Amino acid sequence: MEKRDEYVEKMKAQLDQWNGEIAKWEAKADIAQAEARVELDKRLEAVRQQREQAMYQLRLMQGAAGDAWMEMMKGTDEAWARMREAFDKASSHFRPK
């Protein structure tokens, strides 16, 4: 089982990667035409909501004392899975066609 600090660092690195991609998508959405803009904004909002939940779970886990963090890891893993799913769905709309 991973130690808490290693797990937190791994999650932070993934979050940084997602944040970089989201920033690129936001830039693309800014120049998109009106019709496409609505869909892109919808996808971005879904990703942002899942990102906020993932960040919240990470903060909870970081503050957990002793072995409690292992219990919290389950909730964090679930939030990360939802974020990854939202990210993957959104990425299909931002890839060049």
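This is a predicted model: local features need pLDDT of at least 70, side-chain atom pairs count only at pLDDT 80 or more; totals for chains, interfaces and linings use all residues.
Residues are numbered from 1 along each chain as its sequence is written, and side-chain values use heavy atoms, with hydrogens and water left out.

Let's begin with H1, residues 4-31. Helices here are DSSP runs of H or I with at least four residues, numbered from the N terminus. Expected span means 1.5 Å times one less than the number of residues.

Which residues of H1 are buried? They are Tyr7, Val8, Met11, Gln14, Leu15, Trp18, Ile22, Trp25 and Ala29, where buried is under 20% relative accessible area, exposed over 50% and partly exposed in between, using a 1.4 Å probe and protein chains only.

Now the rings. The structure has three aromatic pairs: rings of Phe, Tyr and Trp (its six-membered ring) pair if their centres lie within 6.5 Å, with planes under 30 degrees apart called stacked, over 60 edge-to-face and the rest tilted. Trp18 and Trp80 have ring centres 5.8 Å apart and planes at 40°, so that pair is tilted. It links H1 to helix H3 (residues 68-94), across 62 residues. Trp18 has a relative accessible area of 3%, and Trp80 has 2%.

Trp18 also forms a tilted pair with Phe87, at 5.9 Å and 40°. Phe87 lies in H3, so this pair ties together parts 69 residues apart in sequence.

Finally, ring pairs link Trp18, Trp25, Trp80 and Phe87 into a cluster. Thanks, everyone!

Definitions and conventions:
Helices (H or I, at least four residues) and strands (E, at least two) are DSSP runs, numbered from the N terminus.
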